[in-house]
Amino acid sequence: MNKFLLTLLLIINFGFNEKPEQVISRQGKVSFFSYTSVENIKAENNQALSIINLEDGSIAVSMLMNTFVFEKALMKEHFNESYIESDIYPKATFEGRILKFDSSIKGEQTRIIKGTLLMHGVSNELEIKSKIENNDGKYILSGTFETLVKDYNINIPPLLAGNIAKSIEVNFKFEYEPYEN
């Protein structure tokens, strides 16, 4: 009788939990673009980490700022040393929730992600329109948003103000797989 109960408990705990509660993306892509009449600045980071709780739609993202790749080495140096100060503020994080998210919907859905972006020691609330694709339990999250440099206390010397845009376009794409602890 005890073997039967133990087997039944194991089936209940493991057999019926086919749908993962969390999905993870270990190599998310985040890029930004800054247009000015002097010079365009573009950088990509392919090492962003993100996790989504499929039950409640909560999402977290973390990325090291010094892993952005630039077209020119000098741009990377200025970005890390003078503007983002990645030795003092090594990473950016985002914590939020995907509003009205239903993980059971197959195919594509457009949702708003509402949360807080912490970068350069400053937190700001964001609402980001995003596309979520569910392909048989493999999720892809992508979107674009604009943010202002001044909102994160990033100081740009007046002499260089024309070289850096006031508004930065940020693009992201995360491909998630089931998270197993």
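Reply: Let's begin with a term: a residue is buried under 20% relative accessible area, exposed over 50% and partly exposed in between (1.4 Å probe, protein chains only). This is a predicted model, where local features need pLDDT of at least 70 and side-chain atom pairs pLDDT 80 or more, while totals for chains, interfaces and linings use all residues. Numbering starts from 1 along each chain as its sequence is written, and side-chain values use heavy atoms, without hydrogens or water.

Now to your pocket. A pocket here is an open set of points on a 1 Å grid over the protein atoms alone where a 1.4 Å probe fits, with protein on both sides within 12 Å along at least five of seven lines; lining residues have an atom within 4 Å of a point.

Who forms the lining? There are 41 lining residues, and those nearest the centre of the pocket are Phe32, Phe79, Ile84, Met119 and Ile168. Of the lining residues, 33 are nonpolar, six are polar and two are charged (nonpolar being Ala, Val, Leu, Ile, Met, Phe, Trp, Tyr, Cys and Pro, charged Asp, Glu, Lys and Arg, and polar the others, Gly among them).

Seven elements each bring at least two residues to this lining: helix H2 (73–83) and the strands E1 (22–34), E3 (58–64), E5 (91–98), E6 (107–119), E8 (138–148) and E9 (167–178). Helix H2 contributes the most, five residues. Helices (H or I, at least four residues) and strands (E, at least two) are DSSP runs numbered from the N terminus.

Stepping back, the chain holds two helices and nine strands, arranged along the sequence as α-β-β-β-β-α-β-β-β-β-β. Of its 181 residues, 38% are buried. When contacts (heavy atoms within 4.5 Å) between residues at least 6 apart in sequence are considered, 59% of them link residues at least 24 apart.

Thr147 sits in strand E8 and counts as buried because its relative accessibility is 9%. Beyond residues up to four places away in sequence, Thr147 touches Tyr152, Lys166, Ser167, Ile168 and Val170; Ile168 is also among the residues nearest the pocket's centre.

In strand E9 you will find Tyr176, buried because its relative accessibility is 2%. With residues up to four places away left out, Tyr176 touches Val23, Ile24, Ser25, Ser50, Ile51, Ile52, Ile59, Lys138, Tyr139 and Leu141. From Tyr176 to Ile51 the C-alpha distance is 7.8 Å, although 125 residues separate them in sequence. Its side chain also makes a polar contact of 2.7 Å with the side chain of Ser50 (N or O atoms within 3.5 Å, one able to donate a hydrogen and the other to accept it; residues adjacent in sequence count only if both atoms are side-chain atoms).

Asn45, in strand E2 (residues 41–53), is buried because its relative accessible area is 0%. A polar atom of the Asn45 side chain lies 2.8 Å from the backbone nitrogen of Gln47. Past its neighbours within four places, Asn45 is in contact with Gly28, Lys29, Val30, Met63, Leu64, Thr67 and Phe68.

Finally, two loop residues. Glu85, in the loop between H2 and E5, is partly exposed because its relative accessible area is 25%, and its phi is near 50°, a positive value in a residue other than glycine. Asn153, in the loop between E8 and E9, also has a positive phi, near 50°.
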